[in-house]
Amino acid sequence: MTVQLLGAADIRRLAAELDVTPTKRLGQNFVVDANTVRKIVSAARVEDGESVVEIGPGLGSLTLAILETGARVTAVEIDPRLASRLARTAAERGVPDGALEVVEHDAMTIEELPGAPRVLVANLPYNVSVPVLLHFMQTFPSLDRGVVMVQAEVGERLAAAPGSKIYGAPSAKAAWYGSWRLAGTVSRQVFWPVPGVDSVLVGFSRSPHALGTEEERVRTFRLVDLAFQQRRKMLRQALSSALGGSATAASAVLEAAGVAPTVRGEQLTIDDFLRIARVAASPGADPSA
Ligand code: SAM
């Protein structure tokens, strides 16, 4: 099968045909370089016959590169003009019938996808990249690996380890689902329009076993949010509202979980947060009870 990828002239022609002026609101920066989309697909190690989901296919640059491998793609696009043109673009460029399914939907709220995709590949809309990623990891457990392009600062944060200055709520929450790594940089010049920020590729592999139950995840993420909302504060203060209402009560829970009450959230792994959530939820943990 030969799929013809899109070049800069094709992208502009398609945008003109659809009367699409890329908008910041939808994070529309289209990749106009075939080498870049091939690099993303190769970083994701997409194989013939695999089931891939793409968030925000836009005019189809990356979509065609994924389809070129022989994989099947479900593409979730919010912009109706882009969603409605994509199947025709794929057919015109040599993609066989049935290899692509386009779903016009907001990726932030989609709850069902056809075909239990294993791989996520996307050049994400940058304004919503973290919530969209977490929503997909949470909602589609069939996803076991992927590569996404995001703003450089966001990618560095997702891949950051505890103890580093950039480790934050996105790093800790992403780690609930698996391991994340930086997988390369991308020049601003491969986009139209050229964005005002740098971009990186981030790869992930899902952990084979869930860390905890859904109820525990919700409790744990709440602690993560509290810890990083006041990241300069010691945990006994930052978490006091969730752990008994005072620094003293919070200290008792933290100590029972094996975490020093005087450290800050940036020191904690996601397992530490989970241990605290478990102790807090166990009978007898509330000193006021
Ligand atoms: N994949 C294309 C490429 O690489 O050229 C386009 C990437 S562009 C950075 C982001 C795409 O996501 C746009 O097509 C935009 O319309 C779409 N998008 C933005 N917000 C979205 C959402 N909430 N759900 C689904 N698609 C969205």
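How do the residues of the lining of the largest pocket divide into nonpolar, polar and charged? I looked this up and found 20 nonpolar, 10 polar and four charged. I counted Ala, Val, Leu, Ile, Met, Phe, Trp, Tyr, Cys and Pro as nonpolar, Asp, Glu, Lys and Arg as charged, and the others, Gly among them, as polar.

**Entry 1: basis.** I worked on a predicted model, in which local features need pLDDT of at least 70 and side-chain atom pairs count only at pLDDT 80 or more, while totals for chains, interfaces and linings use all residues. I numbered residues from 1 along each chain as its sequence is written, and side-chain values use heavy atoms, with hydrogens and water left out.

**Entry 2: pockets.** Rolling a probe the size of a water molecule over the atoms shows where empty space is left. On a 1 Å grid over the protein atoms alone, a pocket is an open set of points with protein on both sides within 12 Å along at least five of seven lines; a cavity is a set where a 1.4 Å probe fits but cannot get out, and lining residues have an atom within 4 Å of a point. Points are joined across faces, edges and corners, and a volume is the space filled by probe spheres set on them.

I noted a volume of about 460 Å³ for the largest pocket. It is lined by 34 residues, of which Leu 26, Gly 27, Gly 56, Glu 77 and Pro 125 are the closest to its centre. Two or more lining residues come from each of β1 (30-31), β2 (51-55), α3 (61-67) and β3 (72-77). I took helices (H or I, at least four residues) and strands (E, at least two) as DSSP runs, numbered from the N terminus.

The second largest pocket holds about 230 Å³ of space. Of its 14 lining residues, I found Lys 24, Gly 27, Asn 29, Pro 195 and Gly 196 closest to the centre. Its lining has six nonpolar, seven polar and one charged residue.

**Entry 3: cavity.** I found one cavity of 30 Å³ or more. The largest cavity contains about 40 Å³ of space, and its lining includes Arg 45, Arg 145 and Phe 204. Both β6 (145-151) and β9 (199-206) supply at least two residues of this lining.

**Entry 4: helix α8.** I looked up two partners of helix α8 (residues 214-229), with axes fitted as lines to C-alpha atoms over the stretch in contact and angles running from 0 to 180 degrees between N-to-C directions. Helix α11 (residues 270-281) packs on α8 at about 115°, the axes being 9 Å apart. The two are therefore roughly perpendicular, a label for angles of 65 to 115 degrees; under 35 is roughly parallel, over 145 roughly antiparallel and the rest oblique. By class, this contact (heavy atoms within 4.5 Å) has 10 nonpolar, one polar and three charged residues.

Helix α7 (residues 169-177) packs with α8 at about 160°, with axes 9 Å apart, and these helices are therefore roughly antiparallel. In α7, I listed Ala 169, Ala 172, Lys 173, Trp 176 and Tyr 177 as meeting α8 residues that include Thr 220 and Phe 228.

**Entry 5: backbone.** I noted a cis peptide bond from Trp 192 to Pro 193, with omega near -10°; Pro 193 lies in the loop between β8 (191-192) and β9. Arg 45 has a positive phi, near 50°, and is not glycine; the loop between α2 (34-43) and β2 holds Arg 45.
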